[in-house]
Amino acid sequence: MAAAMTGGGTAFIRNLSRLFQSRLPVLVGGPQQLLCLHTTSSLEVHKWERKNRVVYPPQLPDEPRRPAEICHCRRTIKYSKDKMWYLAKMIRGMNIDEAIAQLEFNDKKGAKIMREVLLEAQEMAVRNHNVEYKSNLYVAESFSGKGKYLKRTRFHGRGLSSIMEKVFCHYFVKLVEGKPPETEKRTSLDQAKEYVQSLKNRTIIHSL
């Protein structure tokens with residue numbers, strides 16, 4: 001009886017998939033696009049990693065060589081995204097060797113994780129992106145994102161309890177081949193003037 005029910009359920013699922021395949025517009029990949037109907041999404045490929053698969057048209061002989069770009073990340077890190085953001089901002093715009101050295105002498109937990117991610121991205125640049133010198137890279141983008149937040153129960157005395165959150169974050173980095181661009185040094189007074197000017201230039205709707 002159980003075997004018969006299992007066979008009937010399999011036939012029903014097969015007919016249902018054929019029905020969706022005939023009615024939904026499938027653009028790329030044929031029947032594999034129907035995997036998006038599953039309740040859980042795949043963790044294999046994400047938008048950030050897809051940037052490494054971009055294929056550019058061939059360059060002309062007189063054009064300068066296009067610098068290599070390496071996008072790498074680490075997801076579901078047991079760390080706060082705000083604490084990770086300060087470290088990510090610190091190494092933004094640095095040379096790869098300088099960034100690794102700064103993180104090596106930082107005793108924070110997030111610094112060790114970021115250093116591992118940078119070393120992995122540096123290895124990817126030499127192995128997959130035809131970078132000749134692994135030191136000829138700089139951190140173009142470095143930022144953190146919010147991961148999943150798990151709610152758990154914290155028990156107190158006298159039968160009381162509260163809710164605690166277990167936080168996770170994601171870290172993203174982008175390395176670009178070449179020397180880091182020179183940034184214009186601005187004082188706090190210059191930044192304050194720009195902020196005041198932006199307030200003056202804004203448009204307030206529904207005003208006189």
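1. Among contacts (heavy atoms within 4.5 Å) in the chain between residues at least 6 apart in sequence, 66% join residues at least 24 apart. The model is a predicted one, in which local features need pLDDT of at least 70 and side-chain atom pairs count only at pLDDT 80 or more, while totals for chains, interfaces and linings use all residues. Residues are numbered from 1 along each chain as its sequence is written, and side-chain values use heavy atoms, with hydrogens and water left out.

2. The chain holds six helices and three strands, taken as DSSP runs (H or I, at least four residues, for helices; E, at least two, for strands) and numbered from the N terminus; their order from that end is α-α-β-α-α-α-β-β-α.

3. Leaving out residues up to four places away in sequence, Ile91 touches Ala99, Leu103, Met114, Leu118, Val139, Ser142 and Tyr171.

4. Gln59, in the loop between α2 (47-50) and β1, counts as partly exposed because its relative accessibility is 33% (buried means under 20% relative accessible area, exposed over 50%, partly exposed in between, with a 1.4 Å probe and protein chains only). The side chain of Gln59 reaches the backbone oxygen of Pro64 at 2.9 Å and the backbone nitrogen of Arg66 at 3.3 Å.

How values were computed:
A polar contact is a pair of N or O atoms within 3.5 Å; within protein, one must be able to donate a hydrogen and the other to accept it, and residues adjacent in sequence count only if both atoms are side-chain atoms.
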